[in-house]
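This report describes selected features of one protein chain.

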Amino acid sequence: MEYHKVTLEDGKWVRPLLEATNYKTCEFAFANIYMWAELYHTYIGEYQGYALVRNIGRTHHHFLYPVGGDNLKAVLTECIEDAKAGGKTPMIYSIPESQLPRIEAAMPGVFHFGTERKNDDYLYLASDLANLPGKPYQKKRNHVSRFLKEHPDYTFEAISPENIEMVKEFNQIWGAMYDADNPGLEGEHGAIVRVLDHFFELGLVGGLLRDGDKPLAFCYGSKLNDEVLCTHVEKAYHEVNGAYAMINREFARMYGQDVTYINREDDLGEEGLRKAKLSYRPAMLAKKYFAVLKREAPAYPPERTEE
């Protein structure tokens, strides 16, 4: 089969296959695939009705768990053979727990399965993020109250053709202010620029928080399916009290009314990020499994970004 670089046109045939799975993790959002495609050296192709998403690493070919089609053994065998042909080791990533028995039934004893806590996605009830109910969310409501006190004339508006340039400018300023503190953010910054240049073609939704003409924060995401909305990016000035709490709440209020969950993605194993995400009391943590050939099973799977 043939692969090609991920394009906007691929969304027309890949997105319906992704949405039909009802999987809950962020890797199954086409906007997410497109966003990280340059950084992860991502290619895409079709095989027997499946969408195959392949990331090329230094030692591995990383394949997103295939979606579509009805011959799991055939498509997994294709992944193995493709990696071998390229002199790489195959690895399947972001496998939902529900699919492990299917893989084992299709190819008994072939794969070693594993998971890492840092890769779990945080799913929240959309109503909780929108309303911050009860005692568990008292501190969050306090952050929002402080923001409202200091910015009584704030506005939160949908990202639109009229304000997208302001969002892009804010992203540039934010990157200049904070990227130096975390070298890992440089790659993310380029991925965000890639998405903002094609925001509407990707079917994204988002919001801009500002005080008068001054932007304070923005965020965007996309629907994984009828049940889950995924927040892909959220940026705010660190110095603005309550800005993150406010944009989180407003995004949920504007876009979370017709879904059950909002997926705020994983914590990358960062202690501060984990603490912040747990403080919002997730309804569930969605595990993502990886699969490697048993004879090649590593103690820890190589990260796509490390290759």
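Proline 215 in strand 11 has arginine 210 standing opposite. This position belongs to a predicted model. Strand 10 (residues 205-211) and strand 11 (residues 214-223) run antiparallel to each other and are paired over seven bridges.

Both strands are part of an open sheet of seven strands, ordered 9-10-11-12-13-8-14, in which the pairing is mixed. At the edges are strand 9 (154-158) and strand 14 (284-286), each of which pairs on one side only. From one strand to the next, the twist averages 25°.

## Packing of helices 6 and 9

Helix 6 (residues 138-150) packs with helix 9 (residues 243-255) at an angle of about 100°, and their axes are 8 Å apart. Because angles of 65 to 115 degrees count as roughly perpendicular, helix 6 is described as roughly perpendicular to helix 9.

On the side of helix 6, the contact is formed by Lys140, His143, Val144, Phe147 and Leu148. Helix 9 contributes Ala243, Ala245, Met246 and Arg249. By residue class, the contact comprises six nonpolar residues, one polar residue and two charged residues.

## Salt bridges

The count of salt bridges comes to 18. One of them joins the side chains of glutamate 38 and arginine 194, with an N to O distance of 3.5 Å. Glutamate 38 is located in the loop between helix 2 (30-36) and strand 2 (42-47), whereas arginine 194 is in helix 8 (residues 185-196), so the pair ties together parts that lie 156 residues apart in sequence. The two partners can also be described by their accessibility: glutamate 38 is partly exposed, at a relative accessible area of 46%, while arginine 194 counts as buried, at 16%.

A salt bridge is also present between lysine 168 and aspartate 197, whose closest N and O atoms are 3.2 Å apart. Since lysine 168 lies in helix 7 (residues 164-178) and aspartate 197 in the loop between helix 8 and strand 10, this pair ties together parts that are 29 residues apart in sequence. Aspartate 197 is partly exposed, with 43% relative accessible area. A further salt bridge connects aspartate 258 to lysine 223, with 3.6 Å between the closest N and O atoms. This pair links distant parts of the chain, 35 residues apart: aspartate 258 is in the loop between helix 9 and strand 13 (261-263), and lysine 223 is in strand 11. Aspartate 258 is exposed, with a relative accessible area of 53%, and lysine 223 is partly exposed, at 36%.

Leucine 204 is placed in the loop between helix 8 and strand 10. Its relative accessibility is 7%, and leucine 204 therefore counts as buried, the cut-off for this class being under 20%.

Which residues are in contact with leucine 204, leaving aside its neighbours within four places in sequence? They are Ala31, Val195, Phe199, Tyr220, Gly221, Ser222 and His232. Of these, Tyr220, Gly221 and Ser222 fall within the range of strand 11 (residues 214-223). Histidine 232 is 28 residues from leucine 204 along the chain, and their C-alpha atoms are separated by 9.6 Å.

Methods. Residues numbered from 1 in each chain as written. Predicted model: local features only at pLDDT ≥ 70, side-chain atom pairs only at ≥ 80, totals over all residues. Heavy atoms only, no water. Axes fitted to C-alpha atoms, helices over the stretch in contact; angles between N-to-C directions. Helix = DSSP H or I, 4+ residues; strand = E, 2+ residues; numbered from the N terminus. Parallel < 35°, antiparallel > 145°, perpendicular 65-115°, else oblique. Contact = heavy atoms within 4.5 Å. Nonpolar A, V, L, I, M, F, W, Y, C, P; charged D, E, K, R; others polar. Pairing = 2+ DSSP bridges. Salt bridge = Lys/Arg side-chain N within 4 Å of Asp/Glu carboxyl O. Buried < 20%, exposed > 50% of the residue type's maximum accessible area, 1.4 Å probe, protein only.
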